[in-house]
Amino acid sequence: MMLKSKKIFAVLAAVAASLSLAACGGSNASDTATANSDKHANDNASCTNKVVHADAQKVTVWAWYPGFEKIVDHFNNSHSDVQVCWNNGGQGGAEYTRFQNTIKAGKGAPDIIQLEYEAMPQFIAGQQKYLVDLGKYGMNSYKADYTDGAWNSVTFGSSSSVYAVPVDAGPFVMYVNQEVFDKYQVKVPTTWAEFEQAGKDLQAKGYTGKLTNWQTDGTAVNIALFAQKGAQVYKYSASDPTKVGIDFDQQGVKDVLSYWQKLSKEGLIDTADQSSTDTMKKFGAGDYATYVQASWFMGYYVKGAYKTAADSPFKIYEAPKWDDSTPDVNQGGSAFAVTYQAKDTKAAAEVARELYGDDYAQKSGVSDGGLFPTWKKLLSSTEFINQTYPYLGDQKANEVIAPVAKGWAGDQFLPFQTYAYDAQQKSFASIVKSGTSVDSGVSKLTSTLQDYAKQQGFTVESVK
Amino acid sequence: MNQTKALRGKRKHYGKENLWGWIFTAPFAVVFVVFLVIPLVYAFYMSLFTYTQISGERFSGIANYVRVLTDEAFGKGLLLVVLYTIVMVPIQLGLALGLALLLDSFKKKFASVSRVVIFLPYAIPAVIGALMWGFMYSKLMGPFTTIFSLFGVQAPDFLSSNGIFGSLVNVVTWQWTGYYMIILYSALQSIPTELYESARIDGASELKIATRIKIPLVTGSLIMCTIFSLIGTLQFFTEPTILRNQAPTVIPSEYTPNMYAQALAFGYNQTNYSATVSFSLGLIVVIFSIIFMRLTRRSNGLGD
């Protein structure tokens, strides 16, 4: 018996030793993403799309944009020297996890990857950069093509480094249930003070729904609300990658949270999880008079909540403001980054820029994909401004949204944004829903996130 | 000389038998080592390293285990699953035993139909079951709002922070009671009927037969079910994970230790610490199981 257990132990020890050797053999990514130039490494890659010119060099792409197959086909038909090999690597978090796994494995990542702006810092944080600096491939000369906010979101405070090619954005607007406001003859609010008053007026006149829903599971929406008050809560710069700034303990944040806490106490708003089926059901039943959200909300929710375009009572208005100095803000959006595993870095950098680089692709992205563009030229074109939206009662919504997109200055996010959002949610939900004091809530959240940052090896600095 | 020769022959013979034993167990041993022992060892190995975005992966010894001990999220999750265990295990097994005894007494067609019906939820995949309950708990789409309003009362808010505990207990009980009932029922079937006959002749009532003969004779199975239930509840994962889609604020990502391990590995990119959490949870489950088996050593039939 003794002998047997000794034997087993020896086997286990041997296994452990071989594993540790294997782990040591795993290559660590270099400090900065290096350039590769293997033109044939992707020859046998399998693609979701059909490759038109089979002999041409292939560049692999992961993306989940709606209608992206049209963009890929257009690209492949108009290029004979290089072909796009596209696969859907999952949407949002699912794709980022897959990308993380390929980083751990040291192989398997695509050449080009779609990433949301808020997800990028985690891949360029610290000493290891998994995204290629496209500034080295001439991206800086295209700066003028993109809105300032989008450009700032992919450069991370650097003057020469560009970590992705901007594609879409989510200008922050207000969806207004026009039928409700018309029926009760209440003026559509333009300021947050009027917003609260509108809620009271609607209730006084017999509207049984709620003014809006403050989402307990809201993530980037709160960052946008704070930004309206000029409160920047996160700071991260690619040129100083070991430092992060985190500060919720500031007046702007407190003002915003106190405002929503007050509205909740007054019974004017709902505080339900956005992702629950009940919330969307209420939305479709006209139980919310407004919804302050990003422009993409129409594509994702309004279309889902109503069977036909004619049923939707919603129109888009400017988001309520605090005063004349309230800036235009944004919630969401994504870009194409080139990964450090790209087989031919230079080719990948070019393809990333050209995918949505011409008029056809940009128009298709807007009309087939429902993307809100970051391309200045398209944003100013009369065709785009005059575009009508059936789900908004044929409103020329871009007249309202385009100025917001142009006015947005850009946001900053943390290299551990998923964790930060989880902590944020818990804190804000307890403040707005359960009446936790704003002061203690924000100071606890700040220290929780700062502690996590330190534990992850970052130096915590001021957000200013 | 002769003696040693004989001994050697014996040893050779013994070795041959041993070899056959190994050959017969090899298929299982391979699967066991590849899919259980190696992942376990690897998880333990990983838990001895720390990954941070700044300095990458570094050997850190037991530092992660020290962190687990003081980790509020892990502690809270563990406390919660212990609470679930205390509430859920007795309910499930009490119901299962009661139903098994009832079905054992009615040997009619009705009994076999009910047996299938009670067992049916177990045949539904846990994910589907949780999804289904998620919809039933919905205020606007679920049937409970209508049912409760028939009696003029408001339906409880199943997916609120106050209601979620009971809601989850209900889903799990619905799913597993039938399974434990079948185990207990088959144990009851194996009791020789002569015992009941002689008891009846001695004037024992049906209730007495149940409490004095049937229950004592299925104690072994009952304890086995308790261990299954104990382990399952401490590793609570599927149901809260599915219901989290409906109520992410009520069920945070670190609700149970297993969910915390998943969030760490796939949400926060902390695979090493996730391995530590998993390993610690595994250890705690083993300790709980051993304590329980020791306490019931006399009647569980698992000891020597």
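This note sets out numbered points on the model shown above.

1. This is a predicted model, in which local features need pLDDT of at least 70 and side-chain atom pairs count only at pLDDT 80 or more, whereas totals for chains, interfaces and linings use all residues. Residues are numbered from 1 along each chain as its sequence is written, while chains are lettered from A and ligands numbered from 1 in the order in which they are written.

2. Chain A contains 18 helices and 10 strands (DSSP runs, H or I of at least four residues for helices and E of at least two for strands, numbered from the N terminus). Its radius of gyration, 24 Å, is close to the 23 Å that the globule rule gives for 464 residues, so chain A is as compact as a globular protein of that length. The radius is taken over C-alpha atoms, and the rule is 2.2 Å times the number of residues to the power 0.38.

3. Along the principal axes, the C-alpha atoms of chain A fill a box of roughly 80 × 65 × 45 Å. Of the 464 residues in chain A, 49% are buried, that is, with 20 or more other C-beta atoms, placed from the backbone, within 10 Å of their own.

4. For chain B, the unreviewed UniProt entry annotates residues 78-296 as "domain: ABC transmembrane type-1"; such annotations may be inferred rather than shown by experiment. This span is 77% helix and 0% strand, with its end C-alpha atoms 24 Å apart.

5. The UniProt feature "transmembrane region" (unreviewed entry) is placed at several spans of chain B, including residues 20-45 and 78-103. Residues 20-45 of chain B are 100% helix and 0% strand, with end C-alpha atoms 33 Å apart. Residues 78-103 of chain B are likewise 100% helix and 0% strand, and their end C-alpha atoms lie 36 Å apart.

Conventions:
A residue is buried if 20 or more other C-beta atoms lie within 10 Å of its own, exposed if 12 or fewer, and partly exposed in between; C-beta atoms are placed from the backbone.
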